[in-house]
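Here are my notes for you, written as numbered points. Keep the structure open while you read and click along.

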Amino acid sequence: MRTDEQGPAYGGGWLDRAAALRADPGWISARLADRESVLLPFWQDRCLVSAERAPVRLPTVDAAGLLAAVDEPVFLGLDAGRAVFAVDLSGHPEPAALRLAGAAEAVDVRAIVARLGAAEAAVQAYAKGMLHWHRGQRHCGGCGALTRVRDGGHTRSCTGPDCGRLHFPRIEPAVIMLVEAPGEPGRCLLARHRGAAEDSWSTLAGFVEIGESLEDAVRRELAEEAGVTVSRLAYQGSQAWPFPAGLMVGFRATAAGTEFEVDGDELVEARWFTRDDLRARVAAGRPLGRIDSIDRHLLGSWLDGRG
Ligand SMILES: [Zn+2]
């Protein structure tokens, strides 16, 4: 079970990614033939689970039929020496994918994160992100030719005769920030995003654009979305968010003043909250953000007076 005491979900470096070994096709073949190795099957970005909603793990040596029906499996890493691979059954209709994997259902990792251990949630999310990248990188963005899997699935190389470009899994960084008011009483700015439920408040966030540092992105997003100028900025931590390719980078920002003006586009409303306001919400059963989000950690550390 996931608890708030753990760091943000989906990270933790649980697998040895064995970068020096995975480049050797002979080593990958030997891992696939190893009795200890396992496969994590996916279908259309969803992990395949048993009737009890436990992610399916199949020994590679028992999965010849499945392996014959999919593209090359992606090597994720070594778990205490045992190789873990992900396979994508997206090319099959859902019932066939379930049958091939011996699964009962295909579910989003985020829908079952509360019941997964930290390591399993992280490995499932990593697998999902890798397979998503492969589906979108079958052709070279430079010349349009087909690409071929290399390095155990961590590179695709273009087969075009005059190209040969290498493609690597792509990460899309985003910044997420808790904005604090200057002076006392301590207050933080939370906003209601377009489409969010009534009385659903969260920290502000946005994608980093080309040519920006993370700090530039925080300052621009807060100015654009909330009309807030930042006087001080401190890094708080980060979170892998492979839904499909995110990396969330958390900051605490101190606003230069208490004035704000939401853009009415992405944000429909914003408010300053004191620590007592947030504690009262928690006491009334209103959670501080999603259980698997770094949002919750930013709010939690602010509430505890940390960071
Ligand atoms: Zn190419």
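1. Before anything else: this is a predicted model. Keep that in mind for every point below.

2. Let's begin with the metal site.

3. Now look at the geometry. For reference, the ideal angle for four tetrahedral donors is 109.5 degrees.

4. Are Cys 140 and Cys 143 buried or partly exposed? Cys 140 has 5% relative accessibility, so it counts as buried. Cys 143 comes out at 42%, which means it counts as partly exposed. The cut-off for buried is under 20%.

5. As a reminder, a disulfide is a covalent bond between the sulfur atoms of two cysteines.

6. One more cysteine deserves a look. Cys 47 sits in strand 2, residues 46–49, and counts as buried because its relative accessible area is 1%. Leaving out residues up to four places away in sequence, Cys 47 touches Pro 41, Phe 42, Glu 105, Ala 106, Val 107, Val 109, Ile 112 and Gln 124. Arg 57 is ten residues from Cys 47 in sequence, and their C-alpha atoms are 10 Å apart.

7. Next, find Asp 292 in the loop between helix 8 (275–283) and helix 9 (294–303). Its relative accessibility is 1%, so Asp 292 is buried. What does its side chain pair with? There is a polar contact with the side chain of Tyr 10, at 2.5 Å. Beyond its sequence neighbours up to four places away, Asp 292 touches several residues, including Arg 110, Gln 239 and Trp 241.

8. Tyr 10 turns up again in the largest nonpolar core, which has 41 residues. Along with Leu 76, Cys 188 and Leu 278, Tyr 10 touches the most other members. Helix 6 (residues 118–136) contributes the most to this core, with seven residues.

9. Finally, zoom in on Leu 76. Once residues up to four places away in sequence are set aside, its contacts include Leu 15, Leu 40, Val 84, Phe 85 and Met 130. Arg 17 is also one of the residues Leu 76 touches.

Methods
Residues are numbered from 1 along each chain as its sequence is written. This is a predicted model: local features need pLDDT of at least 70, side-chain atom pairs count only at pLDDT 80 or more; totals for chains, interfaces and linings use all residues. Side-chain values use heavy atoms; hydrogens and water are left out. Buried means under 20% relative accessible area, exposed over 50%, partly exposed in between (1.4 Å probe, protein chains only). Helices (H or I, at least four residues) and strands (E, at least two) are DSSP runs, numbered from the N terminus. A polar contact is a pair of N or O atoms within 3.5 Å; within protein, one must be able to donate a hydrogen and the other to accept it, and residues adjacent in sequence count only if both atoms are side-chain atoms. Contact means heavy atoms within 4.5 Å. A nonpolar core is a set of buried Ala, Val, Leu, Ile, Met, Phe, Trp, Tyr and Cys residues joined through side-chain atoms within 4.5 Å.
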